[in-house]
Amino acid sequence: MSSAVRNGMGSVFFNKGENCIAAGRLFVERSIHDEFVARAIEECKKMKIGDPLDRSTAHGPQNHRKHFQSLLNFVDRSVAEGATLAYGGKQVDRPGLFMEPTILTDVSDDNFAAHEESFGPIMIVSPFEDGDMEGVLRRANATEFGLASGVFTNDIKKALRVSEGLQAGTVFINTYNKTDVAAPFGGFKQSGFGKDLGKDALDEYMKTKVITMEY
């Protein structure tokens, strides 16, 4: 649980959510859902918000005002459609475009937040029935995006089954945001075609010639 909470926080709040592989939605087994959310809230309370040039800062400002306002609207709309604002969701009381680390729960599959990317510090948590791998895969894949995803479990069989079934170009198992220049990087669906990094990236520099001849 501690590893899942720690990495879950990093998957969402790294670089105040302005991260192309940020976790858009977290699915947590129902039996541990409430504990996971409670721990995540406690971790949010510990985050130092401030100057991004200060190495001790954990959470800095958003990159511009229009985006900042879109994040506030994102939260408001999700709550209006039935989500619960478990933590944050407002501007920090200090100069600058600082948004509180935010946690939304009770996010149903038809909620706005379940399908749209916030590109901000908003953790979206939805429960699923214990052991229902096929069900959670259907829900996780019901999105037009597919750049990165993650699985946290002590059961290696579950980890491999879920990672195989996820429609994403990168799947992290019991870690997150850990990349390597030798590993191809790229997404599925609306998250793009082709790969950066790794041997696959060299294809972009190749010239393919076709010669058709009759003799």
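Trainee: Hi! How much of the protein chain counts as buried?

Mentor: Of its 215 residues, 40% count as buried. Keep in mind that this is a predicted model.

Trainee: How many helices and strands are we looking at?

Mentor: There are 5 helices and 6 strands. Along the sequence they run α-β-α-α-β-β-β-α-β-α-β.

Trainee: Let's zoom in on α1, then. Which residues there are buried?

Mentor: Ala 4, Val 5, Asn 7, Gly 8, Met 9, Ser 11, Val 12 and Phe 13 are buried in α1.

Trainee: What do those buried residues pack against?

Mentor: They pack against the helix α2 (30-46) and the strands β1 (26-29), β3 (102-105) and β4 (122-128).

Trainee: Nice. What comes after α1?

Mentor: Asn 15 follows, with a positive phi near 55°.

Trainee: Switching topic: how many charged side chains, positive and negative?

Mentor: The protein chain has 25 positive and 30 negative ones. The centres of the two sets lie 4 Å apart.

Trainee: Last one, what about contacts between residues 24 or more positions apart?

Mentor: Such pairs account for 58% of the contacts with a separation of 6 or more.

Methods
Residues numbered from 1 in each chain as written. Predicted model: local features only at pLDDT ≥ 70, side-chain atom pairs only at ≥ 80, totals over all residues. Heavy atoms only, no water. Buried < 20%, exposed > 50% of the residue type's maximum accessible area, 1.4 Å probe, protein only. Helix = DSSP H or I, 4+ residues; strand = E, 2+ residues; numbered from the N terminus. Contact = heavy atoms within 4.5 Å. Lys, Arg positive; Asp, Glu negative; His and termini not counted. Charge placed at Lys NZ, Arg CZ, Asp CG, Glu CD.
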